[in-house]
Amino acid sequence: MERIPCTGCSLLCDDILIGTDGLFVDKIYGACLKGKERFDQVSSKNRLTSPMIRKSGNLENVSWDNALEKVKEILNASSKPLLYGFSTSNCEAQAKGIQLAKKINGFIDSNSVICLGKALNIAKETGITLTTLAEIINKTDLIVLWGSNAAESIPRLLNKILFSRGKFRMTGREIKTIIIIDPVKTASFGVMQLRDLALNIHTGKDLDLIRVLKEECCKEGSFPKEGVAGIDEEELKRLFLNLMGAENGVIFIGQGLLRPLPEVNVIKELFELVNLINLKQNKGRISVGLLGGHYNMFGFDQISLSLTGKNHSLQFSNNELVNTEDTIITKIEKDDFDCSIIVGTDPISHFPYSLSKKLASKPLIVIDNRKSATSDMAEIVLPSAITGIECEGLVYRFDHVPIELKKILNPPSGVLTDEEILNQIIQKIG
Amino acid sequence: MKMVLNTVRMIDHDQAREYTFGDSQSLKENLGIGYINPNDFEKLGLVKSLRVQLSNNYGQVIIKQEQKENVPEGIIIMPVSIWSNQVTGVENGEIIFKNIEVEVEATRDPVPDYKDLISKIKQD
């Protein structure tokens with residue numbers, strides 16, 4: 001048995017025990033459903049194991065040489081290539097992706113730009129009090145889930161932080177309070193006890209609640225008698241008391257809090273609220289946790305920042321980084337691209353139809369280990385190893401702590417890692 | 001009837017899992033689905049065998065419906081997928097995954113197959 005980090009989600013649990021016969025992972029202990037599925041991917045029926053090129057409408061198996069030659073052909077004919085994905089690749093592959101983008105004068109972005117990576121940009125204006133998983137496990141007495149259904153998106157998070165007995169707190173669940181703010185009574189509500197607070201906020205009204213709390217920070221007794229956004233005055237008071245009285249509180253924010261900018265900047269106002277609370281209360285502090293889903297979403301922000309000084313949306317021209325306000329979304333929306341390389345993600349499934357059809361209308365090169373709607377639309381499919389099982393590498397956990405992944409199996413014959421594939425493309429185009 | 005669509009990640013309706021382990025039928029079964037409050041189920045005049053059609057400025061899609069007590073009235077919850085993305089869109093350069101106004105009505109028409117949706121992208 002071997003202890004390894006799990007890449008099922010951005011929690012990267014490091015207490016998973018696995019046994020292997022050298023070909024498959026046949027024993028898995030401690031993983032959640034998402035983690036177990038990650039290991040089962042090794043032998044899944046929809047695993048991609050051969051390079052493919054679309055011929056007469058159908059994808060056909062070809063050799064790596066043929067596939068890379070076709071990639072070269074597409075990239076040589078391109079003046080505006082896009083690269084997107086990378087949040088299920090290791091940091092080494094992400095760095096290689098940026099190197100390729102620079103070489104072909106492309107635009108590169110990661111999934112973080114449509115997810116909680118936005119919060120990092122907003123934090124440039126307001127500052128952000130981040131915390132780490134170890135701090136939360138050992139010290140926290142208040143957990144707020146705001147627009148995040150952790151029980152389903154990061155299944156073992158609550159086990160680790162709510163039911164744990166912290167090193168600096170000799171008591172566990174009994175002294176911890178959880179507050180969930182969500183329009184839907186999600187699976188996460190199942191952990192609540194009497195002292196906890198369930199706030200079924202009206203959908204899309206988070207900003208109203210934040211502003212009322214900010215006002216109360218500045219002038220006590222300003223809660224409206226009729227409540228706000230479906231939350232009554234009594235609940236508002238309890239919420240505020242908990243936030244002000246926490247010794248070590250953490251607010252986890254999820255996708256539910258993201259809204260299109262610039263009209264309403266919910267995240268910015270939430271960070272301002274956290275700053276106000278921390279200024280006002282002298283007992284402890286409130287921190288923020290960003291609950292992204294993919295296991296290395298924040299890795300791209302880290303790597304991109306250290307290599308280029310910008311955390312995402314990199315446009316290269318004449319092999320140099322140039323200023324741009326564009327993101328992957330605006331590039332596709334404006335049709336400002338002529339081919340794309342998609343790494344380990346499925347934009348055809350999760351982008352709106354208006355973007356999917358534009359993305360699919362230009363040559364699409366997919367690097368992935370499993371079939372997806374995007375691979376079904378691709379011109380070229382390059383099969384990759386499963387990071388964290390078939391290849392090692394550095395990744396960043398949701399709390400921005402670096403974790404080293406292990407290789408426990410060899411990938412199927414003829415399957416390369418993301419880093420090797422991107423490197424081969426760089427070599428091929430010369 | 002006007003409702004608000006929230007697209008979410010659900011552990012039992014996960015697109016990555018369906019693409020990895022499933023097939024086009026299980027994709028449709030598990031992702032072409034929406035959850036509504038039983039009171040909305042009544043208001044829409046639904047019975048279990050009927051589907052719902054969602055439409056807005058971005059597009060339209062037909063999905064299977066199920067009742068769930070914990071979904072608030074006026075809201076429809078759908079897993080993020082190639083079905084939900086027919087009615088999501090872009091505003092100010094950002095994708096709208098939540099709080100999307102949709103017109104919802106009961107229909108006897110079938111849920112489109114995965115292949116239909118893929119062909120539609122190719123044809124357009």
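Domain bounds here come from an automatic or database domain assignment. The model is predicted: local features need pLDDT of at least 70, side-chain atom pairs count only at pLDDT 80 or more, and totals for chains, interfaces and linings use all residues. Residues are numbered from 1 along each chain as its sequence is written, with chains lettered from A and ligands numbered from 1 in the order in which they are written.

**Exercise 1.** Locate the domains of chain A and describe their contact.

Step 1. Domain 1 covers 48-111 + 296-429, and domain 2 covers 117-290.
Step 2. Their centres, over C-alpha atoms, are 35 Å apart.
Step 3. Nine residues of domain 1 and eight of domain 2 form the contact (C-beta atoms, placed from the backbone, within 7 Å).

**Exercise 2.** Find how α3(A) packs on α16(A).

Step 1. Take residues 91-103 and 418-429 of chain A. Helices are DSSP runs (H or I, at least four residues), numbered from the N terminus.
Step 2. The axes lie 8 Å apart at about 20°; they are lines fitted to C-alpha atoms over the stretch in contact, with angles from 0 to 180 degrees between N-to-C directions.
Step 3. Therefore α3(A) is roughly parallel to α16(A) (angles under 35 degrees).
Step 4. Contact residues include A:Leu100 of α3(A) and A:Leu422 of α16(A).

**Exercise 3.** Characterise the contact between chains A and B.

Step 1. Chain B gives 38 residues, chain A 44.
Step 2. On the chain B side, α1(B) supplies the largest share, five residues.

Methods. Two residues are in contact if their C-beta atoms, placed from the backbone, lie within 7 Å. Helices (H or I, at least four residues) and strands (E, at least two) are DSSP runs, numbered from the N terminus. Angles under 35 degrees count as roughly parallel, over 145 as roughly antiparallel, 65 to 115 as roughly perpendicular and the rest as oblique.
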